[in-house]
Amino acid sequence: MDTNSTPSSIIVRSYQPSDLPACQALFIEGHRGYGNSTSYVNNALATDMADIEKNYLRVSGGHWWVAVSPDDNRIVGQIAILPMRLGHPLYYSQLTGEERDHICDVLRLGVTLDAQRLGVGKELFSTLINFARENGYRQIHVTTLTHMNKANAFYKKHGFIKGHIDKTPIGGTPENTNDENKSMNNKPTSTIFEVDTIIPDEDQRLMKLPPTESKFIYVQHYHLPL
């Protein structure tokens with residue numbers, strides 16, 4: 001599970017503490033390319049990504065992998081997994097029944113621009129799926145922003161089923177996980193567009209823009225049964 005080779009000779013291995021600067025830089029690069037807010041990025045760097053070993057590798061059912069180029073030993077991709085109660089505590093709290101404890105979240109997936117379309121994301125995702133099955137997960141959950149076209153296309157291509165969309169004003173409930181420890185007593189001000197709901201034209205327009213321009217966060221949920 002710790003090491004695999006892609007057809008392009010990219011190596012996928014478990015995260016090591018010395019990888020931290022490269023992983024943080026890759027995360028920053030990805031979100032900058034989509035025009036996402038610096039506050040979201042900075043918060044992630046100050047919380048879960050400040051100590052990846054502690055917040056992912058030492059968590060039962062959690063892990064973090066990197067994809068490394070053998071030519072220059074450069075990290076060109078990354079992906080992480082956490083149980084949903086940690087990966088997306090707000091969504092976890094909205095579900096009922098023991099099945100929610102068998103759902104994991106995909107987090108921090110990213111591939112450098114020069115390594116995209118080379119199968120790096122596919123290999124990272126394949127490694128994560130194997131880990132999820134071995135650890136008793138029955139479903140994979142992931143969220144991405146609606147304007148992040150490459151991310152949405154990637155999940156659709158790899159068999160994820162499109163779920164609902166959360167619309168939240170900037171300053172409301174964060175779109176993801178361990179971003180800020182919001183009080184569970186604070187009711188989110190989200191609008192939920194269920195699957196097959198007719199979405200107003202104005203929302204469809206805003207969904208194509210980054211939150212810094214639309215003033216809303218549109219979060220697309222995806223699910224993959226295992």
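This is a predicted model: local features need pLDDT of at least 70, side-chain atom pairs count only at pLDDT 80 or more; totals for chains, interfaces and linings use all residues.
**Entry 1: overall make-up**

How many helices and strands does the secondary structure of the protein come to? I counted 9 helices and 9 strands. I took helices (H or I, at least four residues) and strands (E, at least two) as DSSP runs, numbered from the N terminus. Residues are numbered from 1 along each chain as its sequence is written, and side-chain values use heavy atoms, with hydrogens and water left out.

Next I looked up burial. Of the 226 residues in the protein, 49% are buried. Buried means under 20% relative accessible area, exposed over 50%, and partly exposed in between (1.4 Å probe, protein chains only). The protein exposes about 11,600 Å². Carbon and sulfur atoms supply 50% of that area. Areas come from the Shrake-Rupley method with a 1.4 Å probe, and for residues only the protein chains shown count as cover.

Then I checked contacts, meaning heavy atoms within 4.5 Å. Among contacts with a separation of 6 or more, 73% join residues 24 or more positions apart.

**Entry 2: the largest pocket**

I asked how much space lies in the largest pocket. The value is about 1,200 Å³. The search ran on a 1 Å grid over the protein atoms alone; a pocket is an open set of points where a 1.4 Å probe fits, with protein on both sides within 12 Å along at least five of seven lines, and lining residues have an atom within 4 Å of a point. Grid points are joined across faces, edges and corners, and the volume is the space filled by probe spheres set on the points.

I found 39 lining residues. Tyr-34, Val-111, Gln-116, Lys-150 and Ala-151 lie nearest the centre of the pocket. Which element gives the most to the lining? Helix 1 does, with 7 residues. Helix 1 (20–34), strand 5 (103–111), helix 6 (120–134), strand 6 (139–145) and helix 7 (149–157) each supply at least two lining residues.

I sorted the lining by type: 20 nonpolar, 12 polar and 7 charged. Here Ala, Val, Leu, Ile, Met, Phe, Trp, Tyr, Cys and Pro count as nonpolar, Asp, Glu, Lys and Arg as charged, and the others, Gly among them, as polar.

Beyond neighbours within four places in sequence, Cys-23 is in contact with Tyr-15, Met-49, Ile-52, Trp-64, Val-66, Ile-75 and Gln-78. Cys-23 and Gly-77 are 54 residues apart in sequence, yet 8.2 Å apart C-alpha to C-alpha.

His-31 is also in helix 1. His-31 is buried, with a relative accessible area of 12%. With neighbours within four places left aside, the contacts of His-31 are Asn-36, Tyr-40, Val-41 and Met-148. Tyr-40 and Val-41 are among the buried residues of helix 2 (residues 38–46), along with Asn-43, Ala-44 and Leu-45. I noted that helix 1 and strand 5 are included in what covers those buried residues.

Cys-104 is buried too, at 0% relative accessibility. I searched the whole structure for disulfides and found 0; the test was a pair of cysteine sulfur atoms within 2.5 Å.

**Entry 3: helix 3**

I looked up Asn-55, which sits in helix 3 (residues 52–57). Is Asn-55 buried, exposed or partly exposed? Asn-55 counts as partly exposed, at 24% relative accessibility. Beyond four places in sequence, Asn-55 touches Thr-47, Asp-48 and Leu-82. Asn-55 and Leu-82 are 27 residues apart along the chain, with 9.0 Å between their C-alpha atoms.

**Entry 4: loops and positive phi**

Arg-117 lies in the loop between strand 5 and helix 6. Its phi is near 70°, a positive value in a residue other than glycine. Arg-117 is exposed, with a relative accessible area of 85%.

Lys-215 also has a positive phi, about 70°, and is not a glycine. Lys-215 sits in the loop between helix 9 (211–214) and strand 9 (216–225). At 53% relative accessibility, Lys-215 is exposed.

I came to Lys-215 again from Ile-170. Ile-170 touches Pro-211, Lys-215, Phe-216 and Ile-217, not counting residues up to four places away. Ile-170 is in the loop between strand 7 (161–169) and strand 8 (191–193), and is partly exposed at 47%. From Ile-170 to Ser-214 I noted 44 residues in sequence and 8.9 Å in space, C-alpha to C-alpha.
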